[in-house]
Amino acid sequence: MVLPPIKTIGLLGRVSCNHDIRASIQAIGPIVAFTANMPALLENFMQVITGYKDLPENSKVKIIVKVAILALIKHVWVWPHENKLNKLSIGGNSLLTQNPNYIRRLSHTCREAVLIMCVGQQAGRGVKDQLLAYGNKALIQTAFDRIAFRTNINPTYTFLSRVLYLAAVKEVIERTSKSVANVINKPKIT
């Protein structure tokens with residue numbers, strides 16, 4: 001419910017709570033589910049690949065390959081819907097011509113890679129560390145977002161939107177995962 005208003009900050013420079021909750025859940029639910037579950041599924045699949053499974057768990061090559069594959073899959077899955085949604089949302093708010101499609105798509109893929117890295121990173125030691133991590137990743141995402149979806153609003157709004165988006169997605173995924181783990185690990189009464 002919070003993601004559509006956060007998205008409008010980055011597209012229009014204002015908060016809009018005038019959205020269809022059901023349509024938002026249908027649009028955003030699969031994206032968040034993908035971001036939460038696909039890394040583990042891909043890891044299981046890639047463990048059968050000779051060479052990949054032999055790499056150490058924290059190998060930079062292993063992490064880069066995994067993030068690149070996930071970002072590419074997510075881009076292909078999300079791009080048509082997000083591109084259409086953003087065109088509708090921006091409407092007459094942008095007098096800027098859009099970049100060539102291949103540059104926009106590459107930039108969007110890179111933005112998705114940053115989101116995947118954020119979700120996959122371990123929680124910081126405190127609130128200050130988490131905010132700094134979100135801020136750093138949001139700054140990178142802002143650059144990619146402005147290339148993929150050009151608009152004439154102040155870039156500060158795009159940055160604010162990306163910080164809130166990263167925090168919302170990561171926190172929802174972490175809290176949902178913990179809740180599911182608690183239910184699964186709850187001792188059964190016999």
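**Notebook: buried charges**

I started with R111, which is buried, with a relative accessible area of 3%. This is a predicted model, so I note that here once.

Next I looked for the partners of R111. One is D145, with the closest N and O atoms 2.4 Å apart in a salt bridge. R111 sits in helix α4 and D145 in helix α5 (residues 127-148), so this pair ties together parts that are 34 residues apart in sequence. I checked burial for the two of them: both R111 and D145 are buried.

R111 also has a salt bridge to E112, and there the closest N and O atoms are 3.0 Å apart. I looked up E112 too: its relative accessibility is 4%, so E112 counts as buried, the cut-off being under 20%.

Then I followed E112 onward. E112 forms a salt bridge with K74, again with 3.0 Å between the closest N and O atoms. K74 belongs to helix α3 (residues 60-90) and E112 to helix α4 (residues 101-120), so the pair links parts that are 38 residues apart in sequence. K74 and E112 are both buried.

How many salt bridges does a search of the whole structure find? I got 3.

Back at R111 and D145, with their 2.4 Å contact, I traced the shared partners: K74, R111, E112 and D145 are joined by salt bridges into one network.

Last entry, on another arginine. I found R162 in helix α6 (residues 155-185). R162 is buried, at 3% relative accessible area. I also took the C-alpha separation between R162 and Y134: 8.5 Å, for residues 28 apart along the chain.

Methods: Residues are numbered from 1 along each chain as its sequence is written. This is a predicted model: local features need pLDDT of at least 70, side-chain atom pairs count only at pLDDT 80 or more; totals for chains, interfaces and linings use all residues. Side-chain values use heavy atoms; hydrogens and water are left out. Helices (H or I, at least four residues) and strands (E, at least two) are DSSP runs, numbered from the N terminus. Buried means under 20% relative accessible area, exposed over 50%, partly exposed in between (1.4 Å probe, protein chains only). A salt bridge is a side-chain nitrogen of Lys or Arg within 4 Å of a carboxyl oxygen of Asp or Glu.
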